[in-house]
Amino acid sequence: MKIAMLARNADLYSHRRLKEAAETRGHDFHIINTLRCYMNIASRRPEIYYNGEKLEGFNAVIPRIGASITYYGLAVLRQFEMMRVYPLNESVAIGRSRDKLRSMQLLARDGIGLPVTTFAHDPKQTEEVLELAGGAPVVIKLLEGTQGIGVVLADTNRSAKSVVEAFRGAGVNILLQEFIKEAGGIDIRAIVVGNRVIAAMKRTGAEGDFRSNLHRGGSAQVIRLSPEERATAVRAAKTMGLNVCGVDMLRANHGPVVMEVNSSPGLEGVEKATGYDVAGKIIEYIEKNANKGSTKTKGKG
Ligand code: ADP
C-alpha cells in the first residue's frame, strides 16, 4: 500500500516507529509535512500538491496533526478524504476530540464516567461554578493546555477563586473539575485500536506532583486493566469516532473516569513501558480497513 503520514517532525519517536512498522510490512510510506501541502479547495476534482508535485495514488493517510495546527491540518486531511484516501482517524472525529468541552459533553451523553466538570464564561459565576464542582480541593484546567501545563490543584476555595480570576483576567478559558484524590497521582492510558485496547500503561507523577504526565517527570509502567476500564476506553473511542486513540483515565472510587481522548497518542511511553509493537498494530489495522473510499463522512463535516 501507499501510505501518507501527515506530520511535521519526521524524527519524533512515534513517527519513526510508524514508518519503520509500515516499511517492514512492505508498504510505500511517505512522511508529508502538513504545513507544506497546498491545494485548490474549490476544484471539483480535489487535489493536494506538495513540493511542486501532485499527491497521487495513496491508499491511506495517517494524520499526526499537532494541536497548534489543527485548523490547517484538518483541512489537508479533509482534502485527502475527498480524494477517497482512507484516513486512520477521520477529520470530523479529530475535530471533536480537540474540543475539550465538546468531547466531555459527548462522553457524558453516552453515559461514560467523567470527573464532575463545570465551566462558565463569566468570572462573576466563579463561586457557583466552584460549588457545582463540589468545592475545594478542585482541579482547574486551561482548555487549551497540553502535557499537564495549565493544570492546577487548588486546595481551598479561596485559592481556587484567585486562580480562576487570574486565568479569566488573562482571557483564557478554563474548566473546573472534581479532584480525584484516590487516583493518588496515577493515571491510566489505554491505547485503543479498532474495538480493542491493545496496550495500557499507568503513569505515576513525579514526587509531590498530582499530575502524572511523562513530560512533567512522571514514569510509566505496564498495567493490567479491569474489564470495566477496557470497556470504558473502547466506548470512549467509539463515542469520539476515533479508530486509534489514547484514552486517559483515572481510577475513581466509583469506577474509571475519562479525562481525555487523544487522537494522536505518543507511542514512546507506551511501547517502552509495555514492550508491545503498537506501531505495528496500527499499520495492521490500516491493512485490514483501508478500502478505497470507505471513509464515512467523505469530508462533508
Ligand atoms: P493534559 O491534557 O495537559 O495532560 P490532563 O487533564 O491530562 O492535562 O491532566 C494532567 C494530569 O493531572 C493527569 O495526567 C492526572 O494525573 C492529573 N489530573 C488531571 N485531572 C485530574 C483530576 N480531576 N483529579 C486528579 N488528578 C487529575
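This note sets out numbered points on a predicted model, moving from its nonpolar cores to its sheets and then to its salt bridges.

1. The largest nonpolar core. This core holds 43 residues, and the members that touch the most other members are Phe80, Val247, Val258 and Val261. Helix α7, residues 227–240, supplies the largest share of the core, namely five residues. Residues of the core come both from domain 1 (2–89) and from domain 2 (96–112 + 182–284), so the core lies between the two domains.

2. The surroundings of Val258. Which residues are in contact with Val258, once its neighbours within four places in sequence are left aside? Among them are Met104, Leu107, Ile112, Gly113, Leu114 and Pro115. Thr232, Ala236, Val247, Asp248 and Met249 are also in contact with Val258. Of these contacts, Val247 is itself named with Val258 among the core residues that touch the most other members.

3. The four-stranded sheet. An open sheet is formed by four strands in the order β8-β11-β9-β10, with antiparallel pairing. Which strands stand at the edges? They are β8 (117–118) and β10 (151–154), each of which pairs on one side only. Strands β9 (residues 138–142) and β11 (residues 174–178) run antiparallel and are joined by five bridges. Within this pairing, Ile140 has Leu176 in β11 as its bridge partner. Helix α6, residues 157–169, packs on the sheet and touches β9, β10 and β11. The direction of helix α6 makes about 10 degrees with that of β9.

4. The three-stranded sheet. Another open sheet has three strands in the order β3-β4-β5, and the pairing is again antiparallel. Strands β3 (37–38) and β5 (53–54) are at the edges and have a single partner strand each, so one side of each is left without a neighbour in the sheet. Strand β4 (residues 49–50) is joined to β5 by two bridges. Here Tyr50 stands opposite Glu53 in β5.

5. Strands β12, β13 and β14. Strands β12 and β13 pair in the antiparallel sense over eight bridges. Their hairpin has two residues between the strands, and in it Gly194 takes a positive phi near 65 degrees. Strand β13 also pairs with strand β14 (residues 219–222), in the antiparallel sense and over four bridges. In that pairing, Met201 stands opposite Val222 in β14.

6. Side chains of opposite charge can pair when their charged atoms come close. A search of the whole structure finds 17 salt bridges. In one of them, Arg203 pairs with Asp187, and the closest N and O atoms are 2.8 Å apart. Arg203 belongs to strand β13 (residues 196–204) and Asp187 to strand β12 (residues 186–193), so the pair ties together parts that are 16 residues apart in sequence. Are these two residues buried or exposed? Arg203 counts as buried because its relative accessibility is 8%, under the 20% limit. Asp187 counts as buried at 4% relative accessibility. The two are also linked through the strands, as Arg203 in β13 is the bridge partner of Asp187.

7. A salt bridge between a helix and a strand. Glu229 forms a salt bridge with Arg251, with 2.6 Å between the closest N and O atoms. Glu229 lies in helix α7 and Arg251 in strand β15 (residues 244–252), so this pair ties together parts that are 22 residues apart in sequence. Glu229 counts as buried at 6% relative accessibility, whereas Arg251 counts as partly exposed at 36%.

8. The side chains of Glu165 and Lys161 meet in a salt bridge of 3.7 Å, N to O. Both residues lie in helix α6 and are four residues apart, about one turn of the helix. Glu165 is partly exposed, with a relative accessible area of 39%. Lys161 is also partly exposed, with a relative accessible area of 27%.

9. A network of charged residues. Which residues are linked in a network of salt bridges? They are Arg17, Glu20, Arg25, Glu271, Asp277 and Glu284.

Technical notes:
Residues are numbered from 1 along each chain as its sequence is written. This is a predicted model: local features need pLDDT of at least 70, side-chain atom pairs count only at pLDDT 80 or more; totals for chains, interfaces and linings use all residues. Side-chain values use heavy atoms; hydrogens and water are left out. A nonpolar core is a set of buried Ala, Val, Leu, Ile, Met, Phe, Trp, Tyr and Cys residues joined through side-chain atoms within 4.5 Å. Buried means under 20% relative accessible area, exposed over 50%, partly exposed in between (1.4 Å probe, protein chains only). Domain bounds come from an automatic or database domain assignment. Contact means heavy atoms within 4.5 Å. Two strands pair if DSSP finds at least two bridges between them. Axes are lines fitted to C-alpha atoms, for helices over the stretch in contact, and angles run from 0 to 180 degrees between N-to-C directions. A salt bridge is a side-chain nitrogen of Lys or Arg within 4 Å of a carboxyl oxygen of Asp or Glu.
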